[in-house]
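Subject: Structure handover

Hello,

Please find the structure below, for your files. My notes on what was found in it follow.

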Amino acid sequence: MKGNRADVQAIKERVDVIGLISRYVSLNKSGANFKGRCPFHKDDTPSMVVNAEKGLWHCFGCGEGGDVIAFLMKIERLSFIEAVKRLAAEVGMSFEGSEDGERQKFRGITGEAAEYFAANLTGHAAGRKAREYLLDRGYYEASWPRYGLGYALPGWDNLKRRFGPRHGEGTLVELGLLVRGDENTYDRFRDRTIFPIHDLSGRPIAFGGRAFDGEPKYLNSPKTPLFDKGRLLYGLSWARDGLAATRTAILVEGYTDVLTLQQAGLTNCVGSMGTSLTQGQADLLKRFVDDVVISYDQDADGGAAAIRGMQILRNSGLGVRVVQLPSGEDPDGLVRREGGEAMKAAVEAAVPFHRFFVDRVLAEHDRSTARGKERILDAVRDFYQAVRVQTLREELERYLADLLDLSVESVRRELPRRREVHWSDRDAPDEVETWGEEEVLLALLLRGDISWDRISGVASPESFSEENRPIVEAFSSGVEELSALTDHLDEESSRRASYFALAPVRFSDTDKAVNDALARLVPVPEVERELRDLTGQLEKAAEAGDWDCWNRLMEKKIALKAKELTAKGDE
């Protein structure tokens with residue numbers, strides 16, 4: 001069997017998910033699910049949930065999750081191809097990974113697209129604002145070819161018309177260059193500055209696009225046969241010499257952070273393309289360095305995803321420190337305002353990540369009272385238990401004992417304890433209390449309570465945040481079976497999908513939950529602005545006599561009017 005998504009799905013459908021996971025975890029039936037102690041962290045109470053029908057598992061203690069392939073990869077430390085081949089053998093099927101010829105073809109198409117975007121930047125009149133933006137950020141024209149910078153033209157089908165007839169729209173969708181809508185396909189990147197994402201050899205395999213205004217500010221390629229965001233780092237091909245010389249990586253979030261630091265002489269800088277660092281990225285870093293200095297902006301680096309990423313790095317055997325920038329500051333802004341020496345000084349002053357975490361907890365509680373100390377230990381407990389390195393645990397115990405004026409022995413006794421957790425199908429994790437409109441809609445979609453058609457007339461994938469967008473894009477592309485969804489997602493997105501699909505929370509009124517979420521997701525002013533823009537485009541199309549374009553725009557206007565009604569709460 002030649003390897004493709006359909007073949008992988010056929011293999012997964014024949015695997016006994018419960019039987020396979022039961023080889024490693026003692027599972028007990030609990031309603032529609034099975035539960036057991038997670039093998040990926042110290043789990044004193046059953047925090048891992050497995051659902052055979054959905055083909056998903058998720059640990060509500062450490063946050064790991066995904067499909068049966070993800071489980072086998074993690075527990076046996078296998079590559080994707082190795083895991084699929086092992087599962088295929090178990091169910092009496094064969095599997096061959098993607099052929100080199102096909103990957104070569106995909107690389108060629110992606111390379112052509114990169115050249116196309118680069119030509120738009122330097123040679124097209126519409127690229128002027130992208131040129132001005134890059135120059136204003138300090139990225140001089142001589143550096144553009146090194147980083148492959150480009151520009152995606154305005155309009156819905158420029159790239160499609162250029163490459164569709166030659167390579168086929170289906171292939172362009174598979175490579176993330178086009179998006180499949182309800183009626184047709186259209187360009188993913190429109191009126192954006194383009195930052196190509198390169199593999200270790202420096203070949204473009206995906207793209208990131210920055211908008212000049214509007215949302216989302218940054219738009220990334222989805223998972224493709226060439227690209228899995230959770231297994232790659234932005235700028236790694238440029239940073240290899242710097243990493244080898246220092247054995248230390250400076251890890252930042254985004255494209256401009258990497259480019260600015262690279263140009264300022266911090267050549268060991270790479271980007272995680274968001275704060276949700278994955279095990280795959282940690283494994284990649286470990287091939288090149290011994291230590292990682294994390295410099296996320298201060299609005300993001302205290303988040304659960306960033307803290308989890310720090311733990312992944314440390315548990316992988318890497319030394320981890322955290323740069324503490326002023327509130328609202330980011331590496332790119334600091335360098336542009338104060339120069340590269342200021343950033344180098346901030347890197348030198350970085351603190352060990354466990355101290356960074358504890359200090360943030362201390363800032364939220366009064367450690368002079370017994371109740372405050374109890375709350376601090378409660379807040380640190382899950383973090384402590386996710387640390388697998390014994391020497392780091394001991395240092396954390398000593399640091400807390402000193403700060404709280406307690407004995408090391410009392411801290412050591414208290415931190416391994418767990419508060420009693422009684423799971424039932426009606427219980428919900430604490431995080432559910434903070435769910436917003438996106439999370440509600442994702443949960444309903446992933447449980448099969450609603451279909452994508454229920455919300456597609458109101459919201460689009462671009463209505464969702466970057467971290468949730470890959471899941472929504474999979475639904476919008478026509479994926480209907482939940483068991484096939486993870487084949488379209490990177491590691492972090494698969495983990496999020498398993499969480500929303502299996503979190504034990506119920507909605508008493510699904511229709512109300514959907515309508516309320518959509519009304520919050522798509523604000524009325526945004527819709528009204530889009531309608532005004534679309535009206536102008538319709539007038540131009542009519543003046544030019546381009547009635548095909550006029551018809552397409554009118555379909556969008558009708559969908560927007562429906563969106564406006566929903567956002568206003570009308571029927």
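How many residues lie between β9 and β10 in their hairpin, and which residue in the turn has a positive phi? There are five residues between the two strands, and G202 is the one with a positive phi, of about 85°.

First, the conventions. This is a predicted model, in which local features need pLDDT of at least 70 and side-chain atom pairs count only at pLDDT 80 or more, while totals for chains, interfaces and linings use all residues. Residues are numbered from 1 along each chain as its sequence is written, and side-chain values use heavy atoms, with hydrogens and water left out.

Overall figures

The protein chain has 27 helices and 16 strands (DSSP runs numbered from the N terminus: H or I of at least four residues for helices, E of at least two for strands). Of its 571 residues, 53% are buried (buried is under 20% relative accessible area, exposed over 50%, partly exposed in between, with a 1.4 Å probe and protein chains only). The chain exposes about 25,500 Å², and carbon and sulfur atoms supply 46% of that area (Shrake-Rupley method, 1.4 Å probe; for residues, only the protein chains shown count as cover). Among contacts between residues at least 6 apart in sequence, 66% join residues at least 24 apart (contact means heavy atoms within 4.5 Å).

Strand β9 and its partners

Strand β9 covers residues 192-198, and seven of the seven are buried, so the strand is largely enclosed by the rest of the structure. It pairs with β10 (residues 204-211) in the antiparallel sense over seven bridges (strands pair if DSSP finds at least two bridges between them).

I197 lies in β9 and counts as buried because its relative accessibility is 0%. Leaving aside neighbours within four places in sequence, its contacts include R203, P204, I205, F227, L232, Y234 and M273. I197 and K229 are 32 residues apart in sequence, with their C-alpha atoms 9.6 Å apart in space.

Nonpolar cores

The largest nonpolar core has 56 residues, of which F117 and Y234 touch the most other members (a core is a set of buried Ala, Val, Leu, Ile, Met, Phe, Trp, Tyr and Cys residues joined through side-chain atoms within 4.5 Å). Helix α5 (residues 100-123) gives this core its largest share, seven residues. Not counting residues up to four places away in sequence, Y234 touches F195, P196 and I197, and also Y255, V258, L259, V270, G271 and M273. A second, separate core holds 45 residues, among them V289, A306, L318 and F383.

The five-stranded sheet

An open sheet of five strands runs in the order β13-β12-β14-β15-β16, with mixed pairing. At its edges stand β13 (269-271) and β16 (351-352), each with a single partner strand, so one side of each has no neighbour in the sheet. Helix α11 packs on the sheet, touching β12 and β13, and its direction makes about 170° with that of β13 (axes are lines fitted to C-alpha atoms, for helices over the stretch in contact, with angles from 0 to 180 degrees between N-to-C directions).

β12 and β14 (residues 291-294) run parallel and share four bridges, with L251 facing I294 of β14 as its bridge partner. β14 and β15 are likewise parallel, through four bridges, and V292 stands opposite V320 in β15. Between β15 (residues 319-322) and β16 the sense is antiparallel, with two bridges; V322 stands opposite V351 there.

Helix α14

In α14 (residues 331-338) the buried residues are P331, D332, G333, L334 and V335. They pack against β12 (248-252), α11 (255-263) and α15 (340-348).

Cysteines

The structure holds zero disulfides (a disulfide is a pair of cysteine sulfur atoms within 2.5 Å). C38 is in none; its nearest cysteine sulfur, that of C59, is 3.7 Å away, too far for a bond. C38 counts as buried at 5% relative accessibility, and C59 counts as buried at 0%.

Regards
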